[in-house]
Structures are given as C-alpha cells and as structure tokens.
Amino acid sequence: MMNADKIQKSVRGVDNLGIYIHVPFCAKKCNYCDFYSCEPNCAGNISEYIDALCKHIKAEAPAYRKRTVDTVFIGGGTPSLVLPKDFEKLAKTIWESFNLTQDAEFSMEANPGTLSEEKLRTYKNCGVNRLSIGLQSADDEELETLGRIHTFDDFKENFLLARRCGFDNINVDIMYGLPDESIEKISKTLDKVSEFPPEHISAYCLKIEENTPFFDIKDTLSIPDDDKICDTYLTICDKLKDYGYEQYEISNFSKTGYRCRHNLKYWNDEEYIGFGPSAHSFFNGRRYFYDNSTEKYVSSLRSDILPLKVWENKQKKSNEDDADEYIMLKMRLFDGIDAEEFFDKFGVSFEEYTGGVQKYILGGYMEKCAEVYRFTPKGFFVSNFILSDILHFNNK
Ligand code: SF4
C-alpha cells in the first residue's frame, strides 16, 4: 500500500520548482555555527536587504514563468528578525513573481525569542504554512553553552503562540553530540519536545567546525566520543519512532504526511532556485551559488546589477559522477534506491556499480526490501564511511 507521502509525490509530479530565499541576519552568532550569517546592520538595515532581495527576485523570475513552484523555503540566518511590513513585501513579491501551486508548501525558519503574535499572524496571512523553529535543546544550560539567545521557556511560549495563530505544520530542530551530553539529557529533550507535539523533528549532530568559537576551545569541551554519539543517535531514532515519528532521512523525522517537501527536492535531485548571499541553485543540470557577502549583494542590486552567479561543475559530468551523486543523495533517504530505477538510469545494476553491498546487509547496516536498497538507522550513522567504500569518486 502506498503511504500518504508517496501519494502526495505521485500527484504532484517532479516538474515543479522549489524556491529558496536566504535571510542572512542573526542577533548573535551561536558558538558552533559556521553557516554564513551576519549582524542585522551588516549591509545597511534589514529593510534595505529585503528591497534588494525583491529586486533580485523580480529580475530573475521571468526566466521561470513556464514553471510552477510547489515549495518555498525562507531560511537563514534568522528570517524571523524581519519586520512584518518587510516580510509582507517579500511574500508579495514571491507570490506575484512565481506561479505557485495551490497546495504549495511555504516554510520559514524562526528562532525562539524572536517571534511575536503580530509576526506570526503576518506570516499566516502571507501564506506561510510551515514553521521551522530552532530549539536545539530543552536544557537551558546546554542552550547557554551553545550560545543560543533563548531559553526553553521562550521556545514553549513561541511554539504555543504559533499554534494559536493557526500553524499546524511545525518542525523543531534539536542537536545531539553536545558537550557533557548524556542519554538522560537528550531523552529529556525528546520527551519535552514530543509533548507539544510538533509534526516534524530534525536532529543534527554537533560538528566542531573551523572559524567558530567552539573550535578555539575544542580541547576544553567534553565532546562525547563516536561510540557514545552513535548510542545517542540510535536512542533518538528509537524514541522518536515510539512517539509516532517515521524516520525518512538521516536527520529527519515526521508524522505521516508531514515530510518536508522542500528538503526532499534536494535529496531527490530536483530543481530549485536560490536568492540571497550564499544561496544555492540547481537548474537545467547545473549548480550555482551567490557569494557569501551581504554587503556586495545589496550594493550591486542598489546599482541595478544582478549578483554574480558562481557556477559549480564547470566540466561536463561523467555518467559515474552522476551515479555517485545519485547514490549519495538518495541513500540519505529511508526510501533508499530502487534497483530497477538505478539500472534504467545508469545501465548498470546497483550491485555491480557498488561492488556489492552484501557485507553491509549482513552487518545490519543496510537492508534490501523487495528491490529497494536502504540504510538502517545503524547504517545511517556510518553512512559516510560506507559511501566512501561503494562510490567511484575514490578510485579516480
Ligand atoms: S541562529 Fe542559526 S544561523 Fe544564526 S548563528 Fe545560530 S545556528 Fe547560525
């Protein structure tokens, strides 16, 4: 029997575009974050940035007028720092510039402590129908260590307010692998979050990245070792399953019918167009992104010059590159890879291409259900290692 998410996909088809809008501002940089973001006044003020963004969207959108758009994702940074009047301007530009489907998923990211009733009602009136709230932990001490600007109570207040304003599709981000973490602490976070309960939970592992405050003090942080992190990850998978969430991707769990359609585009190799500094796009088989500079982005649009696209994969990709990329993206999903589809696309069987995955199936890291190969939760945790073994890019 097909599940609700598969039915949704087969009805929508795969020809629709996704739109990603980047709002790069953060009230304060978190101690672990290496995403591109800047202070709210880094390029004039936020209103000036929204004006530049709208100009950019209006200039580029006519190229996509033959396409329908079924997902919009406003991410950051912290999009919930945008004032309601500016948000209205941005949303109006999006609705007027693109041909959005009636059931388009319109998501935006928000941080606890930055939401208000006025903002939430504005988002709702502007067609936003999915909120993604960055909580990270239900433990205030952990939040302080991470350098977050909010407490768990701030989150609680904002989440309940969002419900009262009519949001019935909410994601909550949490993190694991934190300094001094224990199974008890992460379990408490999951128990508290599941009480609300959100329709979707994303669980990401902390990585200590260069050029972050955490990197400078990494030797003093008591980060759990790989075995402990693996136990924590499997605990998260088990607990969320018990709470009625299905795991559909390495880090993503949803109630039935609430998978994030926009993010699925990335993993299903579907097309999306990004706007804003550091935003990425994939269109007509090619990928490009905009430079990480809000100052340059705003000043070039102020002079009516479109920001420069930086093209990736300049050289023509080989069939092997395509197959590697396909495996890398698809194996992130619990739906995995359909052997027949793989053969039709690449003219070689999955087993032959990968050199055989039987040892991973026997070890409990992968499973083969009918013609579908996929990772188990234990396999997801070591998927980078397994992928580097079965993909061809290593042999070049
Ligand atoms: S709020 Fe998000 S984007 Fe901003 S610094 Fe923190 S983790 Fe990074």
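Biologist: How many aromatic pairs does the structure hold?

Modeller: This is a predicted model, so all that follows is computed from it. A pair of aromatic rings is described by the distance of the centres and the angle of the planes. Rings count as a pair if their centres lie within 6.5 Å. The number of aromatic pairs in the structure is 26.

Biologist: Is the pair of Tyr49 and Tyr297 stacked, edge-to-face or tilted?

Modeller: The ring centres of Tyr49 and Tyr297 are 5.8 Å apart, and their planes stand at 40 degrees. Planes under 30 degrees apart count as stacked and those over 60 as edge-to-face, with the rest called tilted. The pair of Tyr49 and Tyr297 is therefore tilted.

Biologist: How many residues apart in sequence are the parts that this pair ties together?

Modeller: Tyr49 lies in helix α2 (residues 46–60), while Tyr297 lies in helix α11 (residues 294–302). Both tyrosines, Tyr49 and Tyr297, are buried. The pair therefore ties together parts whose separation in sequence is 248 residues.

Biologist: Which residue lies over the face of Trp311?

Modeller: A charged group can sit over a ring, and Lys218 does this over the face of Phe215, at 4.3 Å from the ring centre. For Trp311, the distance to the ring centre is 4.4 Å, and the residue over its face is Arg286.

Biologist: Are α2 and α3 roughly parallel or roughly antiparallel to each other?

Modeller: Two packed helices are described by the angle between their axes and the distance between the axes. Helix α2 packs with helix α3 (residues 84–97) at about 5 degrees, and the axes are 10 Å apart. Residues that meet include Ile50, Leu53 and Ile57 in α2, and Leu90 and Ile94 in α3. Angles under 35 degrees count as roughly parallel, so α2 and α3 are roughly parallel.

Biologist: How many residues of strand β5 are buried?

Modeller: In a regular strand the side chains alternate between the two faces of the sheet. In β5, Ile170, Val172, Ile174 and Tyr176 point one way, and Asn171, Asp173 and Met175 the other way. All of these are buried. For β5 (residues 170–176) the count of buried residues is seven of seven.

Biologist: How many bridges pair β5 with β6?

Modeller: Strands of a sheet pair through backbone hydrogen bonds, either parallel or antiparallel. Strand β4 (residues 130–136) runs parallel to β5 and is joined to it by five bridges, with Ser132 opposite Asn171. β5 also pairs in the parallel sense with β6 (residues 200–205), where Val172 stands opposite Ile201. The number of bridges between β5 and β6 is six.

Biologist: Which residue takes a positive phi in the hairpin of β14 and β15?

Modeller: β14 pairs with β15 (residues 372–375) in the antiparallel sense over four bridges. Lys368 stands opposite Tyr373, and Glu367 has Arg374 as its bridge partner. Two residues lie between the strands of the hairpin, and the one with a positive phi, near 55 degrees, is Ala370.

Biologist: Is Asn211 buried or exposed?

Modeller: Most residues other than glycine have a negative phi, and most peptide bonds are trans. Asn211 has a positive phi of about 60 degrees and is placed in the loop between β6 and α8 (213–216). Its relative accessible area is 76%, and over 50% counts as exposed, so Asn211 is exposed.

Definitions and conventions: Residues numbered from 1 in each chain as written. Predicted model: local features only at pLDDT ≥ 70, side-chain atom pairs only at ≥ 80, totals over all residues. Heavy atoms only, no water. Pairing = 2+ DSSP bridges. Phe/Tyr/Trp six-rings, centres within 6.5 Å; stacked < 30°, edge-to-face > 60°. Buried < 20%, exposed > 50% of the residue type's maximum accessible area, 1.4 Å probe, protein only. Lys NZ or Arg CZ within 6 Å of the ring centre and 35° of its normal. Axes fitted to C-alpha atoms, helices over the stretch in contact; angles between N-to-C directions. Parallel < 35°, antiparallel > 145°, perpendicular 65-115°, else oblique. Contact = heavy atoms within 4.5 Å.
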